[in-house]
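Let's take a walk through this structure together, one feature at a time. Have the sequence and the 3D view at hand as you read.

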Amino acid sequence: NVQPIAGKEQINPPEPPKWYNDDDTEDEKSAVMIKALKESANANGIKITDTSDLGGARGVSKGGHIELLTNSVGAGLLSTFVHEYAHELMHHDNAIGKKLGFHVGRGSGAEERELQAESVAYTVMKSYDFPIEHSINYLALWKSNKDKIRQHQKLIRDVSMYIIKQIETYAPKIDNQETAQELAESLTTIKNIITDFKKTII
């Protein structure tokens, strides 16, 4: 064992940045949005199940099937759900992704697929004023940068817009007018969010 040196301040190494949203605090806003996404996925023929072990992952997209970590709730679950839903629309052989023109397949490589899916998650989460710092860390781990994101801007914007519209379609009407206004305004601010995103990434 290494013993502390007398008179010397012990410096602990910094914790590595989190690559996922670990906010598992259940709240009404995220719960409503998660329910809406589940209804949207089911309507598009995508099965949603919970599982207790994903090998360290928070969610997995399997093509027509999304697995989410059991007992995950709140903004953490919402962010994961959007990420995996984006994978389903863009990277798997789903009829809905092809119909909407989102399907780009899996031949582009893991780095590009993760950039696309997490960029969508970032955009949707920021549209609804959820924290997005973890997305920056996740994208950095996958060697993303502004130029790479710029190459996929249209796809990121279109898939984000679709998911936001699905949330608004399937979310029940909420008495809280401020929340309802946030849902509506997200559609008009999304282009600005994409621009901000490119400035934020290293």
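Predicted model: local features only at pLDDT ≥ 70, side-chain atom pairs only at ≥ 80, totals over all residues.

Now turn to the aromatic rings, where the structure holds two pairs. In one of them, the rings of Phe-81 and Tyr-85 lie 6.4 Å apart between centres with 40° between their planes, so this pair is tilted. An α-helix has 3.6 residues a turn, so residues three or four places apart point the same way. Phe-81 is buried, at 0% relative accessibility, and Tyr-85 is buried too, with a relative accessible area of 0%.

Phe-102 and Tyr-162 also form an aromatic pair, this one edge-to-face, with 5.8 Å from centre to centre and 65° between the planes. Phe-102 is in the loop between α3 (95–100) and α4, while Tyr-162 is in helix α7 (residues 153–170), so the pair ties together parts that are 60 residues apart in sequence.

Helix α4 covers residues 110–127, 18 residues in total, and spans 26 Å from its first C-alpha to its last, close to the 26 Å expected at 1.5 Å a residue. Is α4 mostly enclosed or mostly open? Of its 18 residues, 14 are buried, so α4 is largely enclosed by the rest of the structure. Just after this helix, Asp-129 adopts a positive phi of about 65°.

Let's finish with helix α1, residues 28–43. Its 16 residues reach 23 Å from first C-alpha to last, close to the 22 Å expected at 1.5 Å a residue. What caps the N-terminal end of α1? Asp-27 does, placing a side-chain oxygen 3.3 Å from the backbone nitrogen of Lys-29. Lys-29 is among the buried residues of α1, which also include Val-32, Met-33, Ile-34 and Leu-37. The charged end of Lys-29 sits over the ring of Phe-130, 5.0 Å from the ring centre.

Notes
Residues numbered from 1 in each chain as written. Heavy atoms only, no water. Helix = DSSP H or I, 4+ residues; strand = E, 2+ residues; numbered from the N terminus. Expected span 1.5 Å × (residues − 1). Buried < 20%, exposed > 50% of the residue type's maximum accessible area, 1.4 Å probe, protein only. Polar contact = N/O pair within 3.5 Å; in protein donor to acceptor, adjacent residues only side chain to side chain. Phe/Tyr/Trp six-rings, centres within 6.5 Å; stacked < 30°, edge-to-face > 60°. Lys NZ or Arg CZ within 6 Å of the ring centre and 35° of its normal.
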